[in-house]
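This briefing goes through one structure by topic, from a loop residue to the core, a helix and the aromatic pairs. Please keep the sequence and the 3D view at hand.

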Amino acid sequence: MDVIQIGNVTLPVVQPAVALALFGTWLYARLTLGKAFSEQVSSAAFLFIAVWKLSILLFQFELVIKAPLSLLYFNGGTNGFILGIMVALAYMGMKKMPAYKAALAWAVVVAIYPLAFALLSGSWTYWDGIQTAGSVLFFFVAKEGVERALILLLFWQLLFLSADGDVFSVEAMVYTLVTAYIIMWRKKK
């Protein structure tokens, strides 16, 4: 497991990488998609992080009772991550966030997260730069059709995950499920 030390705190790299991706998404939404939408994005991101971090109470309650500070250092793991994603997607659906803007916001998360993870873990290679550059192309292809662009972005990410032997990872599953959710959400409208 890749970890990063910030002061006296040691965290899994995935936590600050997700936080950077969500902050970048909020900033993009604020600058290009409007204040109201960026506030919805920040609310969905907060819900995701809160559920992910606090889900340790559901999945490791005994640990939290024995060591209450574990709430600061640990999260709910894979189950908590998936639960957080589901809560955030449910929030987005309940708030009737515009699907096109949600697709753009998701593309920002997908573009920033792998780069942030690679930089924070110290494993950055030129392939990470190529992956990010290819992800940014989404915004040019999206003008032709956002569903097609989301599918291309998904396959682009899966290509790099498969090169690392992670095509069946939680990351790949999340990319696939959220992309499918957004596409189906757009089809309903």
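A residue counts as buried when its relative accessible area is under 20%, and as exposed when that area is over 50%. The model is predicted. By that cut-off S55 is buried, because its relative accessibility is 2%.

**Two loop residues**
- S55 sits in the loop between helix 2 (35-54) and helix 3 (56-59).
- The side chain of S55 reaches the backbone oxygen of W52 at 2.9 Å.
- Beyond its neighbours within four places in sequence, S55 contacts A50, G76, G80 and L83.
- K96 lies in the loop between helix 6 (77-94) and helix 7, and its relative accessible area of 64% makes K96 exposed.
- The phi of K96 is positive, near 50°, and K96 is not a glycine.
- Most residues other than glycine have a negative phi.

**Nonpolar core**
- The largest nonpolar core has 46 residues, and F48, W106, F138 and L150 have the most contacts inside it.
- Helix 1 (14-33), helix 2, helix 6, helix 7, helix 10 and helix 11 each supply at least two residues of this core.
- Helix 7 gives the most to this core, with 11 residues.
- Not counting residues up to four places away in sequence, F48 touches V18, L22, F81, G84, I85 and A88.

**Helix 10**
- Helix 10 (residues 146-163) has 18 residues and should span 26 Å at 1.5 Å a residue; its end C-alpha atoms are 26 Å apart, which agrees.
- Its buried residues are V146, E147, A149, L150, L153, L154, Q157, L158, F160 and L161.
- The cover over the buried residues of helix 10 includes helix 7 (99-121), helix 8 (126-136), helix 9 (138-141) and helix 11 (170-188).

**Aromatic pairs**
- The structure holds 12 aromatic pairs.
- One of them is the tilted pair of Y113 and F117, at 6.0 Å centre to centre with 40° between the planes.
- Both Y113 and F117 lie in helix 7, four residues apart, about one turn of the helix.
- Y113 is buried at a relative accessible area of 12%, whereas F117 is partly exposed at 24%.
- The rings of W124 and Y126 form an edge-to-face pair, because their planes are at 70°, with centres 5.5 Å apart.
- W124 is partly exposed, with a relative accessible area of 38%, while Y126 is exposed at 67%.
- Y28, F138 and F139 are linked into a cluster by ring pairs.

Key
Residues are numbered from 1 along each chain as its sequence is written. This is a predicted model: local features need pLDDT of at least 70, side-chain atom pairs count only at pLDDT 80 or more; totals for chains, interfaces and linings use all residues. Side-chain values use heavy atoms; hydrogens and water are left out. The expected span of a helix is 1.5 Å times one less than its number of residues. Buried means under 20% relative accessible area, exposed over 50%, partly exposed in between (1.4 Å probe, protein chains only). Contact means heavy atoms within 4.5 Å. A polar contact is a pair of N or O atoms within 3.5 Å; within protein, one must be able to donate a hydrogen and the other to accept it, and residues adjacent in sequence count only if both atoms are side-chain atoms. A nonpolar core is a set of buried Ala, Val, Leu, Ile, Met, Phe, Trp, Tyr and Cys residues joined through side-chain atoms within 4.5 Å. Rings of Phe, Tyr and Trp (its six-membered ring) pair if their centres lie within 6.5 Å; planes under 30 degrees apart count as stacked, over 60 as edge-to-face and the rest as tilted.
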